[in-house]
Amino acid sequence: MTFLIIKPLGFKEDYYMRNKKMLIAGLITVVMGISIVGCGNDGKSTRETESTEQVTEMEMATEKESEAEDIGDTESDGSYADETDYSDDSEESTEFTMPVYEDFTLASGLSENYADLDNRSFVYNGKKFTLGESTLKDLIDGGIPFEQNSLNNSGNNVNKNYETDRYTADINDYVTMQFMFGNFTDSEQKAEDCVLSYVRYSHLFVPNPDYDASMNAEISEMMLDGAKQVNFSFPTTITKDQLLEKCSENAEVDGKIVKYSVDSEVYMGSSGYTFEFDDTTGQLKEVRISWLP
């Protein structure tokens with residue numbers, strides 16, 4: 001133990017020197033007294049005993065830490081570690097893809113030309129319907145799922161050189177069709193006897209990278225369901241590039257619109273095919289087919 005002897009302030013030097021030895025002697029006596037009183041039966045001081053116990057506890061703690069490190073090392077080797085795979089597959093499941101109708105085959109009676117102006121037809125559940133030939137009654141009998149409000153007008157009279165209002169049919173929640181029928185005779189006739197002059201096949205939505213994965217999956221399911229029920233000369237999941245690759249002749253391209261048309265021989269104007277594609281993905285949103293004699 002080291003003691004600091006501080007020189008008292010305000011004392012004279014000779015007085016300080018005379019009392020220095022007495023101060024040192026007194027301090028030595030106090031220290032010796034503490035050492036003698038503090039001894040136990042085994043000859044060790046209390047402080048030494050407490051110090052020994054602290055060292056023992058530290059050694060035990062060190063041993064426990066060492067064992068824990070050994071166990072940790074064992075787990076890092078894979079011996080006892082949890083081998084469950086927690087890898088995140090969300091990135092793979094949310095990857096954007098466009099629906100493709102892999103099972104597309106040309107239905108009987110349809111043309112191999114995607115925009116055949118001499119054969120403007122479609123097939124619904126195996127039944128073929130042709131613009132300029134099939135009547136509203138033919139479509140009703142063929143099972144086209146017209147809305148009841150539309151069917152209520154089937155008995156209305158249609159003047160010559162006039163077309164009916166649009167008849168709507170829902171193929172599913174996201175796919176609809178619309179139809180118009182024309183009276184190209186010289187007299188009035190019932191709507192159900194008029195021939196098909198316009199058909200529109202429309203996707204309410206097409207998949208988009210900005211939609212979440214569940215919505216894109218639902219849209220894709222409805223698009224493919226519609227493609228199975230309604231057949232054209234082309235798959236209804238087609239893209240603009242695929243259309244132009246297959247059918248570039250006489251194509252009129254204007255942004256997202258591609259047209260194939262021919263002038264009427266009887267009336268002013270033209271008719272044919274109009275394809276409209278999505279701005280972002282280039283996939284078909286709707287196709288409109290018209291007919292004039």
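User: How much of the protein chain counts as buried?
Analyst: Of its 293 residues, 33% count as buried. Buried is under 20% relative accessible area, exposed is over 50%, and partly exposed is in between, using a 1.4 Å probe and protein chains only. Keep in mind this is a predicted model, where local features need pLDDT of at least 70, side-chain atom pairs count only at pLDDT 80 or more, and totals for chains, interfaces and linings use all residues. Residues are numbered from 1 along each chain as its sequence is written, and side-chain values use heavy atoms, with hydrogens and water left out.

User: And how many helices and strands are there?
Analyst: The protein chain has 7 helices and 13 strands. Those are DSSP runs numbered from the N terminus: H or I of at least four residues for helices, E of at least two for strands.

User: OK, which strands make up the open sheet of 3?
Analyst: The order is β2-β1-β9, with antiparallel pairing. At the edges sit β2 and β9 (230–231), each pairing on one side only. Two strands pair if DSSP finds at least two bridges between them.

User: How many bridges join β1 and β2?
Analyst: There are 4 bridges, in the antiparallel sense, between β1 (residues 121–124) and β2 (residues 127–130). Ser-121 stands opposite Thr-130 in β2, and Val-123 stands opposite Lys-128 in β2.

User: What about the turn in that hairpin, which residue takes a positive phi?
Analyst: Asn-125 does, near 50°, and the hairpin has 2 residues between the strands.

User: Switching topic: where is Glu-276 found?
Analyst: Glu-276 is in strand β12 (residues 270–277).

User: What does its side chain make a polar contact with?
Analyst: The side chain of Glu-276 makes one with the side chain of Arg-288, at 3.3 Å. A polar contact is a pair of N or O atoms within 3.5 Å; within protein, one must be able to donate a hydrogen and the other to accept it, and residues adjacent in sequence count only if both atoms are side-chain atoms.

User: Which residues is Glu-276 in contact with, leaving aside neighbours within four places in sequence?
Analyst: Among them are Lys-256, Ile-257, Leu-284 and Arg-288. Contact means heavy atoms within 4.5 Å.

User: Last one: how many disulfides does a search of the whole structure find?
Analyst: The search finds 0 disulfides, a disulfide being a pair of cysteine sulfur atoms within 2.5 Å. As for cysteines, Cys-194 counts as buried because its relative accessibility is 0%, and Cys-247 is buried with a relative accessible area of 9%.
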